[in-house]
Amino acid sequence: RGRSSSSASSASSSSSLTTTTRRILRNRQKKSSPISSSSSLKGLTEEIAQLGLDLDRNTVGPAVFALSAVSVFWLFYDGSVQTKQLKEELDARGVDSSLFNKLYELKYIKRALDSGDRSAYDEAEEKIQWQRSKIVVGAGSITEVQKIQKFWQSKGIKVKTLADLDKVEEYMVKKYGGKKSKF
């Protein structure tokens, strides 16, 4: 049912466009003399306006949809290209880029590396992992939890339960003094 009614409505709208276009062309052929009076000018502008309304009804929706689809595609495509480029650049600089998945994380790490200070990179890495730890504990998979445990274990902190995140928070506050994250 849904198909026949939607195709019927699209057929009727395209037939009304065709009918309107034919009517305007017929009227133009009948009026072969140049426009001399304001009434004939008014009639012509009304006919053109009617054609514009029909075109508007039939083209705006699909045009907006197409523009929106292209915009969303571009956002995802551009983000994936930037992510790939940043991962390659970080790998070339000797950083394990598999620790960072999001574009803002990669940009943050790159800014820390560009500063030339190794402690800035360490701080950025730990802050990213701390933020990720909070998310992973709430909604992460087993492999993500294992990655987080491995990272914090390399820092000397055993994270096995949710309560162990307090140890990580104490470590971060003690080491960085509660400074706000840049991202």
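**Entry 1**

Does Lys155 count as buried, partly exposed or exposed? I looked this up in the predicted model, and at 29% relative accessibility Lys155 counts as partly exposed. I then looked for its charged partner and found that the side chains of Lys155 and Glu126 meet in a salt bridge, at 3.3 Å from N to O. This pair links distant parts of the chain, 29 residues apart: Lys155 is in the loop between α5 and α6 (165-176), whereas Glu126 is in helix α4. Glu126 has 0% relative accessibility and therefore counts as buried.

**Entry 1. The chain as a whole**

I next recorded the overall make-up. The protein chain has six helices and zero strands, and its pattern along the sequence reads α-α-α-α-α-α. Of its 183 residues, 23% count as buried. I also noted the contacts in the chain with a separation of 6 or more: residues 24 or more positions apart account for 44% of them.

**Entry 2. Helix α3 against helix α4**

I turned to the packing of helices. Two packed helices are described by the angle between their axes and the distance between the axes. For helix α3 (residues 103-114) and helix α4 (residues 118-139), I noted an angle of about 160° and axes 8 Å apart. Angles over 145 degrees count as roughly antiparallel, so α3 is roughly antiparallel to α4. Their crossing is right-handed.

I listed the residues that meet at this contact. From α3 come Glu105, Tyr108, Ile109, Ala112 and Leu113. From α4 come Ala120, Tyr121, Ala124, Glu125, Lys127, Ile128 and Arg132. By class, I recorded eight nonpolar, no polar and four charged residues in the contact of α3 with α4.

**Entry 3. Helix α4 against helix α5**

I repeated the exercise for α4 and helix α5 (residues 142-154). Their axes come within 10 Å and cross at roughly 140°. This angle makes α4 oblique to α5. The crossing of α4 and α5 is left-handed.

On the α4 side I listed Glu125, Glu126, Gln129, Trp130, Arg132, Ser133 and Val136. They meet Glu144, Val145, Ile148, Phe151 and Trp152 in α5. The contact of α4 with α5 divides into six nonpolar, two polar and four charged residues.

Gln129 lies in helix α4 and has 2% relative accessibility; buried means under 20%, so Gln129 counts as buried.

I then looked up Ser133, which is also found in helix α4. Ser133 has a relative accessible area of 0% and is therefore buried. Leaving aside neighbours within four places in sequence, Ser133 is in contact with Ile148, Trp152 and Leu165.

**Entry 4. Salt bridges**

How many salt bridges does the structure hold? I recorded ten. Side chains of opposite charge can pair when their charged atoms come close.

In one of them, Asp122 forms a salt bridge with Arg118, with the closest N and O atoms 3.7 Å apart. Both residues lie in helix α4, four residues apart, which is about one turn of the helix. Asp122 has 23% relative accessibility and so counts as partly exposed, whereas Arg118, with a relative accessible area of 55%, is exposed.

In the other, the side chains of Lys127 and Glu123 meet at 2.8 Å, N to O. Lys127 and Glu123 are separated by about one helical turn, because they are four residues apart in helix α4. I noted that both Lys127 and Glu123 are buried. Lys127 is also among the α4 residues that meet α3.

Lastly, I recorded a network of salt bridges that links Glu89, Arg93, Lys110 and Asp114.

Definitions and conventions: Residues are numbered from 1 along each chain as its sequence is written. This is a predicted model: local features need pLDDT of at least 70, side-chain atom pairs count only at pLDDT 80 or more; totals for chains, interfaces and linings use all residues. Side-chain values use heavy atoms; hydrogens and water are left out. Axes are lines fitted to C-alpha atoms, for helices over the stretch in contact, and angles run from 0 to 180 degrees between N-to-C directions. Angles under 35 degrees count as roughly parallel, over 145 as roughly antiparallel, 65 to 115 as roughly perpendicular and the rest as oblique. A crossing is left-handed if the near helix is turned anticlockwise from the far one by less than a right angle, and right-handed if clockwise. Contact means heavy atoms within 4.5 Å. Ala, Val, Leu, Ile, Met, Phe, Trp, Tyr, Cys and Pro count as nonpolar, Asp, Glu, Lys and Arg as charged, and the others, Gly among them, as polar. Buried means under 20% relative accessible area, exposed over 50%, partly exposed in between (1.4 Å probe, protein chains only). A salt bridge is a side-chain nitrogen of Lys or Arg within 4 Å of a carboxyl oxygen of Asp or Glu.
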